[in-house]
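Biologist: Hi! Could you walk me through this structure and its charged pairs?
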Amino acid sequence: MDDRNESVIQALREQGYEVHESVMSTEGMIYGVRSKQDSAWVKGGDELGDLAAGRITLAEIAVRQRGQKPTPEAQV
């Protein structure tokens with residue numbers, strides 16, 4: 001995990017989100033994020049930053065993912 005994502009994850013945790021898992025996907029690193037109402041796989045970088053900044057909600061990310069969810073690559 002790079003420093004930018006690490007600081008954004010810390011900001012999300014301070015806002016009450018739980019970041020429970022991270023995996024490499026076909027689209028880069030993704031993070032499992034939960035709130036009291038919603039959960040979704042959130043792409044590292046801009047999408048994670050947008051969530052922390054309040055520019056997008058976890059519910060909006062979850063709706064967007066239906067049908068286009070990045071798939072974690074097989075761990076060998």
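Biologist: Thanks. What does Asp50 form a salt bridge with?

Modeller: With Arg55, and the closest N and O atoms are 2.9 Å apart. Arg55 itself counts as exposed, at 59% relative accessibility.

Biologist: How many salt bridges are there?

Modeller: The count comes to 5. One of them joins the side chains of Arg34 and Glu18, at 3.2 Å from N to O. Arg34 is in strand β2 (residues 28-34) and Glu18 in strand β1 (residues 18-25), so this pair ties together parts 16 residues apart in sequence.

Biologist: Which side chain does Glu27 meet in a salt bridge?

Modeller: That of Lys43, at 3.1 Å from N to O. Glu27 lies in the loop between β1 and β2, while Lys43 lies in strand β3 (residues 39-43), so the pair links parts that are 16 residues apart in sequence. Glu27 counts as partly exposed at 43% relative accessibility, and Lys43 is partly exposed at 33%.

Biologist: Switching topic, what is the mean pLDDT of the protein chain?

Modeller: This is a predicted model, and the chain's mean pLDDT is 86, with 86% of its residues reaching 70 or more. Confidence is highest in helix α2 (residues 46-53), at a mean of 96, and lowest in helix α3 (residues 58-65), at 90.

Notes:
Residues are numbered from 1 along each chain as its sequence is written. This is a predicted model: local features need pLDDT of at least 70, side-chain atom pairs count only at pLDDT 80 or more; totals for chains, interfaces and linings use all residues. Side-chain values use heavy atoms; hydrogens and water are left out. pLDDT is the predictor's confidence in each residue, from 0 to 100. Helices (H or I, at least four residues) and strands (E, at least two) are DSSP runs, numbered from the N terminus. A salt bridge is a side-chain nitrogen of Lys or Arg within 4 Å of a carboxyl oxygen of Asp or Glu. Buried means under 20% relative accessible area, exposed over 50%, partly exposed in between (1.4 Å probe, protein chains only).
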